[in-house]
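Me: I am new to reading protein models. Could you walk me through one, feature by feature?

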Amino acid sequence: MSAMVEQPPKKQQKTMPSSVVIQLQSTAGDPLGAAMEVPMSSSPAELEKLVHALKKAEGQDGPSTPYAFYADGQTAVAGTLGEYAEQTPGFSGETALAVTYEPLSVFRVRRVSRCAETLPGHSDAVLHVGFAPDGKSLASGGGDATVRLWDALSKTPRATCGGHRHHVLCLAWAPDASKVASGDRSGEVRVWDPKTGASLKTLKKHSKWITALAWSPAHLPQPASAEACEVLASTSKDASVKIWNTRTGSMIASLTGHTDSVEALAWAGDGALYSASRDRTVKVWRCREDGKWGSLALDATLQGHGHRVNALALASAFVCRTGPFDHKSGREAFKATSLAAVEAAARAKYDAFVDANGGPANAERLVSGSDDATLLFWTSLKADASNKKRTPKARLTGHQQPVNAIQFAPDARKFASASFDKKVKLWHGRTGAFLATFTGHVGAVYALAFSPDSRLLVSASKDSTLKVWNVADDATLPGHYDEVFAVDWAPNGASAASGSKDRTIKMWAS
């Protein structure tokens, strides 16, 4: 008689209710209407129609704004609410589900997929490329000690700016596109007129090479002697941060406190200036009073990295970089008629960004990357007169080698990091949660750039290629013959540009 084999009990399948009570809320946590019962089969498209109907009833916005939805504030609702419930352990539906709606970009950038133009001219490696905030001009700098200005629309050279005595290491455009600054290996900063290529000012106070440049956002109060889009910050291997009035050429302030080379710089929309150093710290500098630059001082020191800090990324970087220009409103970018108009447009744009990102307490977020192969995610960075040390919200691990580039998407919903480990990683812009790893490069990844609609990411590598990434459709852009050091995406979404050791700049289009 054969032995009876005991069968394991069947696993009970999770039963789901046919409907769920949800409470729609903005990114700032403000409820939209009352809690309501909706079918579990509700998709993002149906939730979007519901948001439009509720907002129309309150007289807030039109029916064209697209939205993304997040359950419990952080998990994206990609399918139906039922699919979300099945994939969420412990989901019961007994309490109201908080569903956050977030406005998306109303225009879509097409993926760049071919080399539209090669721009020769540099006689040495191209180390930096950067589009003007209006997307109509491009600046490049490199080992031949020149800055070259290009018409980004016709892809033709506009001017060659000579005067630097050593490699041009970094570039930065003023938020109104009226000036472009460059820093070189000899410690000299120059400011250029992008229309003529003429040198406007030469700024000489640093004793070692320039590592980063950042313009004060156009909407912030300026020193008494300066106007909008005239204040520039520079950092150097001499361990200092210097603030300049680029119209008069005078130095407004010299910020000391770092004990080693300052490697990265970022100027936030709330007025904070962040500097990252080889001394393993990030320092936060603020004016104690708006517009009172005599009160500019150290506000906080951010510690936590175990090795030098190489890169910084701010959630508000794109909106501050592009100043008054709003490419979502049509084909014609903002045309500056006065400094007051520039400031007003930039202020309205920044305020809209803050509202869309949960208010002043949540909008400004910072990520730092280090040789210790980790990223630190910082929030709650408001001014603090006590100068106490702050702790990061999260330590992000996963890279196996030094992190050398970080960038937030323009909508600040995600950010990307690049490393010498040949990987690009994607992270949640609010929580720092890991989202994805992009593999494919066979050399160190040097630079990153998001498209202005936040849907595409391009990475530049030592392997001589650029790669364009999104969840569904990736692309490899061959064309360079040597290491690619720099990449940027035009703020109007028209094209991307890359600079390489092969001495060329390539313009990429759809």
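**Reading the model step by step**

Reply: Let us start with the surface: the protein chain exposes about 21,800 Å², and carbon and sulfur atoms supply 50% of that area. Accessible areas come from the Shrake-Rupley method with a 1.4 Å probe, and for residues only the protein chains shown count as cover. This is a predicted model, in which local features need pLDDT of at least 70 and side-chain atom pairs count only at pLDDT 80 or more, while totals for chains, interfaces and linings use all residues. Residues are numbered from 1 along each chain as its sequence is written, and side-chain values use heavy atoms, with hydrogens and water left out.

Me: How much of the protein chain is buried?

Reply: First the word itself: buried means under 20% relative accessible area, exposed means over 50%, and partly exposed lies in between (1.4 Å probe, protein chains only). Here, buried residues make up 55% of the 510 residues in the protein chain.

Me: How many helices and strands does the protein chain have?

Reply: Helices (H or I, at least four residues) and strands (E, at least two) are DSSP runs, numbered from the N terminus. This protein chain has five helices and 37 strands.

Me: How far does helix α4 reach from its first C-alpha to its last?

Reply: The expected span of a helix is 1.5 Å times one less than its number of residues. Helix α4 (residues 339-356) has 18 residues and reaches 26 Å, close to the 26 Å expected at 1.5 Å a residue.

Me: Which residues of α4 are buried?

Reply: An α-helix has 3.6 residues a turn, so residues three or four places apart point the same way. In α4, the buried ones are V342, A345, A346, K349, Y350, F353 and V354. They pack against α3 (317-321) and α5 (360-363). For packing, contact means heavy atoms within 4.5 Å.

Me: What should I know about phi angles?

Reply: Most residues other than glycine have a negative phi, and most peptide bonds are trans. After α4 comes G358, with a positive phi near 90°. A145 is a residue other than glycine with a positive phi, near 65°. Its place is in the loop between β8 (137-142) and β9 (147-151), and A145 is buried at 13% relative accessible area. S454 also is not glycine, and its phi is positive, near 70°. S454 sits in the loop between β31 and β32 (457-461).

Me: Is S454 buried or exposed?

Reply: S454 counts as buried because its relative accessible area is 2%. S454 also turns up in the surroundings of D411: leaving aside neighbours within four places in sequence, D411 is in contact with E102, N357 and S454. D411 lies in the loop between β27 (403-408) and β28 (414-419), and D411 is buried, with a relative accessible area of 18%.

Me: Which backbone nitrogen lies 3.0 Å from a polar atom of the side chain of D411?

Reply: That is the backbone nitrogen of R413.

Me: How do I read a pair of aromatic rings?

Reply: A pair of aromatic rings is described by the distance of the centres and the angle of the planes. Rings of Phe, Tyr and Trp (its six-membered ring) pair if their centres lie within 6.5 Å; planes under 30 degrees apart count as stacked, over 60 as edge-to-face and the rest as tilted. A search of the whole structure finds nine aromatic pairs. One of them is F420 and Y446, an edge-to-face pair with 6.3 Å centre to centre and 75° between the planes. This pair links distant parts of the chain, 26 residues apart: F420 is in the loop between β28 and β29 (424-428), and Y446 is in strand β31 (residues 445-450). F420 is partly exposed, because its relative accessibility is 36%, whereas Y446 is buried at 19%.

Me: Which residues form one aromatic cluster?

Reply: F377, F408, F415, W427 and F434 do.

Me: Where does A418 lie?

Reply: A418 is in strand β28, and A418 is buried, with a relative accessible area of 0%. Leaving aside neighbours within four places in sequence, its contacts include H399, V403, V445 and L448.

Conventions:
A polar contact is a pair of N or O atoms within 3.5 Å; within protein, one must be able to donate a hydrogen and the other to accept it, and residues adjacent in sequence count only if both atoms are side-chain atoms.
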